[in-house]
Amino acid sequence: MARFGRIIVGLVAIVIVVGIGFWAWASEPAIDPVSRPAAGQFSKASIAKGAELAALGNCQACHTRPNGKAYAGGYPVETPFGTIYGSNITPDPDTGIGKWSEAAFRRSMHEGLRRDGGHLYPAFPYTHFTKVSDADIKDIYAFLMTRPAVHNTVPSPDLPFPLDIRMVMAGWNLLFFHEGRYQPDGSQNAAWNHGAYIAEGLGHCAACHVPMNMFGAEKTDKGYAGGNAAGWHAPALDKSSPSPVGWTKDELAGYLRGDMTPHHGVAAGPMADVTKVLAEVPHADVEALSTYILSKGATKPADARKAAIADAGKKSFQVTTAQKANFKGSAKDGEAIFAGACASCHFDGGSQPFYRPVDLSLSSAVNAPNATNLVQIITHGVKPAAGGSGPIMPGFGDVLTDDQTASLVGYVRKHFTGKPAWDHVDKAISTSKETAGQ
Amino acid sequence: MITLTVNGKTHQAESDPTTPLLYVLRDEMKLNGAKYGCGLGQCGSCTVLLEDKPVFSCQIPISVLEGRKVTTLEGLGTIDEPGRVQKAFIDEQAAQCGYCIAGMIMRSEGLLRRNAFPSDAEIRDWMQPNLCRCGTHSRILKAVRRAANAESGA
C-alpha cells in the first residue's frame with residue numbers, strides 16, 4: 001500500500017513539474033499599456049490606407065455583431081469546438097484595444113497574442129496575418145485607433161475543457177502555426193505576388209476555402225479544395241472548382257467586386273459580405289487577387305467553356321402553358337414545384353426576367369459536391385449585403401415543407417447537371433432552417 | 001385539381017397548379033385583402049399566413065399547399081369584430097394610402113403568434129421585409145406595440 005502511495009506521489013510530482021514546465025514555456029510577457037494615442041499622431045494617408053487594408057481583411061465581419069457598432073465586437077463565430085466572439089477592436093481603453101501600443105497590436109497580428117500575453121484563438125486568423133508587413137500593420141493600427149471608441153464587453157468564448165485554457169493554444173501553435181512575413185516568389189510576376197500577399201495574408205481566403213483537420217487547422221497540403229463558412233460550403237478554388245465553365249480573370253475580378261457575372265451569378269452567403277468590402281478597395285488589389293487565385297487552376301480551356309455553355313442551353317427549363325395545366329401538382333413533384341415557384345425567373349422566357357439569373361446548369365451551387373449552398377439559397381433567398389444593391393431572390397424556407405424542398409433540390413440537381421444525387425439533403429435542409437439567412 | 005384550406009374553409013382551385021396563391025385568393029375566392037405589389041416577394045403587400053408564418057402569397061404556387069392552412073386578412077376578424085391586430089391598427093389610425101397595411105397586419109399577427117412579448121427592437125427587425133411608401137412606419141410600429149400590449153394585458 002505504501003508503495004502504491006509512493007507511485008501516486010511520484011506521478012503527481014511529474015504532472016506538476018511538466019505542468020510548470022509547460023506554463024513556463026507557453027507563457028508570454030504582457031506589453032505595457034499606453035494611453036490611447038491622439039488622433040493627430042496618425043497621418044491622413046496612413047488612416048486611409050488602413051481603411052483599405054481593414055476592408056481587404058474583412059475585419060468588420062467578425063468584429064461587429066449584427067446591428068452593432070462597427071468593430072465593437074460580439075459577433076458569434078461558430079467553430080466545430082464552440083462559439084468564440086469577435087473582440088472589441090475599437091480604441092475603448094477598458095473593453096477595446098485603447099491601451100494597446102502599436103507593438104502590442106503588431107504582436108497580436110503576427111503571433112496571436114493579446115497585449116497581456118494571453119493566447120488568442122486561431123478563429124482570429126493570425127496564422128495568415130503573420131504574413132502581413134509591419135508597414136501595413138502600422139496603417140491598420142492608425143485606422144482602428146481613429147475609430148469611435150465603443151464601450152462593449154464581449155462574452156467569453158464558449159469552449160469545452162481544455163480548450164477554454166488559452167495557454168493550450170501554445171501547443172496548437174507548435175503543431176500548426178508558422179510565424180513569418182510573406183516571402184515573394186521570384187518565379188512569379190509582381191501582380192501574382194501582390195495577390196498572394198493579399199490572399200494568404202490579410203484576405204485569409206484559406207480560412208474558409210481550404211479543408212480543416214480535426215484540430216481546426218487548415219490542411220495546407222490539400223490546397224484550396226473547398227471548406228466551410230458559417231453554414232455555407234466554400235467552393236474549391238483549385239482545379240476541382242465546381243464551375244462547369246471555369247473562371248476567367250475578368251469574371252473573377254468582377255465577381256469579387258460584387259458584380260453579377262453571366263456564367264457565375266453573384267456572391268451569396270458569407271461571400272456576399274466579402275464582395276461588399278472588396279468593392280471598396282483599389283481595383284488593382286482585386287485584379288492581383290484574381291491573378292493569384294486563378295493560378296490555382298479554376299480555369300477551363302476555351303473549347304471546354306464553349307461546350308459547357310452550349311450544354312447548359314440544352315438543359316434550360318422549358319415548359320409550355322399547355323404542359324403547365326397538366327402538372328398533377330403533387331406536393332412531392334420537384335418538377336411541378338420548380339414550374340410554379342422557380343420558373344417565373346429561372347427559365348428562358350420566364351415572366352420576370354428583371355435580372356437574368358445564372359443558368360442553373362452553370363451554377364456552382366447546383367454543381368457543388370454537396371447540397372448545402374443550394375439548400376441555403378432556396379431557404380433564405382439571395383439579397384444584397386445591408387445597404388448594397390444587387391440581384392434578389394425571395395427565400396422559400398417558410399413556404400416549402402422539408403419534403404417539398406428535398407424534392408425540388410433533387411429535381412434541380414438531376415435536371416440541370418445530370419450528376420449523381422447528393423447525400424444528406426435532409427440534414428442540409430434542417431440545418432439551414434435552423435439558421436438565420438444571410 | 002388542388003384543394004386549398006383558407007380561413008378554415010376548403011376551396012377547389014380551378015387555376016393550374018403553378019398559379020401563385022395570390023391570384024387564386026383574389027380572382028377565384030374574391031378575398032381581396034392581400035394585395036399585388038411587386039410580384040417578386042420584395043414588398044410584402046401580399047403577405048398571408050401559412051400555418052402561423054408570414055409568407056409572400058405572390059411567390060407560392062398552389063401546388064405546394066395541399067393539406068396546409070392559409071390565413072388571410074379576412075380570417076382575422078370582421079368589420080364589426082376586428083381581430084386584435086386589426087383593432088390596434090384602427091385605434092392607431094395606422095394607414096395612409098393603406099395598400100401595404102393588409103400585409104403589415106398579417107406580418108404582425110405572425111410575430112405575435114410566435115412571440116407574445118416582443119421588444120421594440122424585435123418588432124422593427126421582424127417588420128423589415130414589408131415596405132410602406134407613405135411613411136406610416138411610426139404608427140405601424142405603435143399599432144404592433146399596442147396589439148402586443150393588449151395581448152399581454154400590459
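How many helices and strands does the secondary structure of chain B come to? The count is five helices and five strands. This is a predicted model.

## Chain B as a whole

Along the sequence, the elements of chain B follow the pattern β-β-α-β-β-β-α-α-α-α. The C-alpha trace of chain B spans about 45 × 30 × 25 Å along its principal axes. Chain B has a radius of gyration of 15 Å, which agrees with the value near 15 Å for a compact globule, because that is what 154 residues would give.

Chain B is divided into domain 1, residues 2-75, and domain 2, residues 84-152. The centres of these two domains of chain B, taken over C-alpha atoms, are separated by 21 Å. Domain 1 of chain B brings 18 residues to the contact, and domain 2 of chain B brings 15 residues.

The size of an interface is often given as the accessible area lost when the parts come together. Domain 1 and domain 2 of chain B bury about 1,300 Å² between them. Of this area, 61% lies on carbon and sulfur atoms. Which three residues supply more than any other three of the area that domain 1 of chain B buries against domain 2 of chain B? They are Leu49(B), Pro54(B) and Leu73(B), with 36% of that area.

Polar links cross this interface too. Six residue pairs are in polar contact across the interface of domain 1 and domain 2 of chain B, both residues being at pLDDT 80 or more. On the domain 1 side of chain B, strand E3 (47-50) and strand E4 (53-56) each supply at least two of the residues that touch domain 2 of chain B. E3(B) gives the largest share of that side, three residues. By class, the side of domain 1 of chain B that touches domain 2 of chain B has seven nonpolar, eight polar and three charged residues.

## Salt bridges

Side chains of opposite charge can pair when their charged atoms come close. Over all chains, the count comes to 19 salt bridges. The interface of domain 1 and domain 2 of chain B has one salt bridge across it. Two of the salt bridges are set out here.

| Salt bridge | Closest N and O atoms |
|---|---|
| Asp52(B) and Arg113(B) | 2.8 Å apart |
| Arg106(A) and Glu102(A) | 3.5 Å apart |

Why are Arg106(A) and Glu102(A) separated by about one helical turn? The reason is that Arg106(A) and Glu102(A) are four residues apart in helix H4 (residues 102-111) of chain A.

## Backbone details in chain A

Most residues other than glycine have a negative phi, and most peptide bonds are trans.

The peptide bond from Phe161(A) to Pro162(A) is cis, with omega near 0°. Where is Pro162(A) found? Pro162(A) is in the loop between helix H6 (134-145) and helix H7 (168-176) of chain A.

His204(A) is a residue other than glycine, yet its phi is positive, near 35°. His204(A) also has its place in a loop, between helix H8 (190-200) and helix H9 (206-209) of chain A.

How values were computed:
Residues are numbered from 1 along each chain as its sequence is written. Chains are lettered from A and ligands numbered from 1 in the order in which they are written. This is a predicted model: local features need pLDDT of at least 70, side-chain atom pairs count only at pLDDT 80 or more; totals for chains, interfaces and linings use all residues. Side-chain values use heavy atoms; hydrogens and water are left out. Domain bounds come from an automatic or database domain assignment. Contact means heavy atoms within 4.5 Å. Buried area is the accessible area (1.4 Å probe) that two parts lose on being put together, summed over both. A salt bridge is a side-chain nitrogen of Lys or Arg within 4 Å of a carboxyl oxygen of Asp or Glu. A polar contact is a pair of N or O atoms within 3.5 Å; within protein, one must be able to donate a hydrogen and the other to accept it, and residues adjacent in sequence count only if both atoms are side-chain atoms. Ala, Val, Leu, Ile, Met, Phe, Trp, Tyr, Cys and Pro count as nonpolar, Asp, Glu, Lys and Arg as charged, and the others, Gly among them, as polar. The radius of gyration is taken over C-alpha atoms; the globule rule is 2.2 Å times the number of residues to the power 0.38.
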